[in-house]
Amino acid sequence: MKKEAGEREMVLELIRRHGLMEYLDERHVSHIQVKRMKKGTILIRQGEEVPFLYLLLEGKTSVYQVRRNGKQILLNTCEEGSMLGEVELLCRRPAMDFVELTSDGLMLAIPMDYCRAELLKDPPFVLRAAHMLAENLYKVEVNTAINLSLELEDKVASYILSVEREGVFELDLKTLPATFGTTYRHLMRVLKKFREAGYIEAKDGKYRIVDRRSMMEREYEAYIL
């Protein structure tokens with residue numbers, strides 16, 4: 001019993017610390033699990049039933065599909081504060097995508113059957129799930145439109161200008177080719193061209209914008225990240 005009480009207090013503390021009380025009532029706490037998982041763990045598998053709804057407290061994930069020809073298409077990325085599995089919860093269908101941790105993660109996991117039986121009766125929770133679903137749909141639509149309309153060099157420039165902070169930025173060269181619908185080789189060719197043109201420079205594993213004006217003069221659209 002002491003262990004159960006301790007687990008309950010841990011869940012409550014995490015709910016309070018991360019501001020989840022406004023939509024996650026205390027009566028549900030006994031059904032919520034705390035999970036710590038390693039980078040590379042697949043939380044949701046495309047085509048399979050989703051056993052848990054996840055509330056991501058720490059960490060990042062990639063959301064992608066694997067097509068019948070084996071090609072992987074990156075659809076979205078999620079960070080702390082995200083809800084994972086809300087589409088499957090509301091639509092009552094198997095998973096549309098893979099969701100994989102791209103860093104170590106801490107999350108609350110709620111059994112999907114319990115969510116459907118109890119949490120969907122709570123208007124604050126349903127409103128939150130609908131809000132998260134709408135936010136993700138908006139993000140995916142904007143970014144997909146950019147990827148369909150721009151040439152690769154303009155996509156890369158747009159992405160850099162969207163993620164930079166005070167001229168400094170990092171690039172995840174593992175996932176970005178799928179984001180742009182290209183290959184690692186073609187992406188590296190564009191980055192080399194940008195360096196040779198004096199747009200950017202690379203140092204100590206990070207990049208820095210050197211010629212912002214020239215990058216802004218390209219066909220630029222802001223990604224939502």
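Author: A term to begin with: helices (H or I, at least four residues) and strands (E, at least two) are DSSP runs, numbered from the N terminus. By that rule H186 lies in helix 7, residues 184-196.

Reader: What kind of model is this, and which pLDDT limits apply?
Author: This is a predicted model: local features need pLDDT of at least 70, side-chain atom pairs count only at pLDDT 80 or more, and totals for chains, interfaces and linings use all residues. Residues are numbered from 1 along each chain as its sequence is written, and side-chain values use heavy atoms, with hydrogens and water left out.

Reader: Back to H186. Buried, exposed or in between?
Author: H186 counts as partly exposed, because its relative accessibility is 37%. The cut-offs: buried means under 20% relative accessible area, exposed over 50%, partly exposed in between (1.4 Å probe, protein chains only).

Reader: What does the H186 side chain pair with?
Author: The side chain of T183, through a polar contact of 2.7 Å. A polar contact is a pair of N or O atoms within 3.5 Å; within protein, one must be able to donate a hydrogen and the other to accept it, and residues adjacent in sequence count only if both atoms are side-chain atoms.

Reader: And how far is H186 from G205?
Author: They are 19 residues apart in sequence and 19 Å apart in space, C-alpha to C-alpha.

Reader: Zoom out. How many helices and strands?
Author: The chain has 8 helices and 11 strands. Its C-alpha trace spans about 65 × 35 × 30 Å along the principal axes. Of its 225 residues, 42% count as buried.

Reader: What about contact range?
Author: Take contacts between residues at least 6 apart in sequence: 70% of these join residues at least 24 apart. Contact means heavy atoms within 4.5 Å.

Reader: Surface and charge. What are the numbers?
Author: The chain exposes about 13,200 Å², and carbon and sulfur atoms supply 49% of it. Areas come from the Shrake-Rupley method with a 1.4 Å probe; for residues, only the protein chains shown count as cover. There are 35 positive and 36 negative side chains, with the centres of the two sets 4 Å apart. Lys and Arg count as positive and Asp and Glu as negative; His and the chain ends are not counted. Each charge is placed at NZ of Lys, CZ of Arg, CG of Asp or CD of Glu.

Reader: Which residues have the most contacts inside the largest nonpolar core?
Author: L24 and L43, in a core of 39 residues. A nonpolar core is a set of buried Ala, Val, Leu, Ile, Met, Phe, Trp, Tyr and Cys residues joined through side-chain atoms within 4.5 Å.

Reader: Which element gives the most to that core?
Author: Strand 3, with 6 residues. Elements that each supply at least two include helix 1 (2-17), strand 8 (105-111) and helix 4 (123-149).

Reader: What does L24 touch?
Author: Beyond its neighbours within four places in sequence, L24 is in contact with I15, I32, L55, I110 and L119. Another core lies apart from the largest one; it has 22 residues, among them L161, L176, F180 and M215.

Reader: Where does T61 sit, and is it buried or exposed?
Author: T61 is in strand 4, residues 61-66. T61 counts as buried, because its relative accessibility is 1%. Leaving aside neighbours within four places in sequence, its contacts include L43, L56, N76 and V99.

Reader: What about D122?
Author: D122 is in the loop between helix 3 and helix 4. At 9% relative accessibility, D122 is buried. D122 touches D25, R27 and H28, not counting residues up to four places away in sequence.

Reader: Next, R212. Which side chain does it meet in a polar contact?
Author: That of E164, at 2.8 Å. R212 is in helix 8, residues 212-216, and is partly exposed at 36% relative accessibility. R212 is also in contact with L161 and G167.
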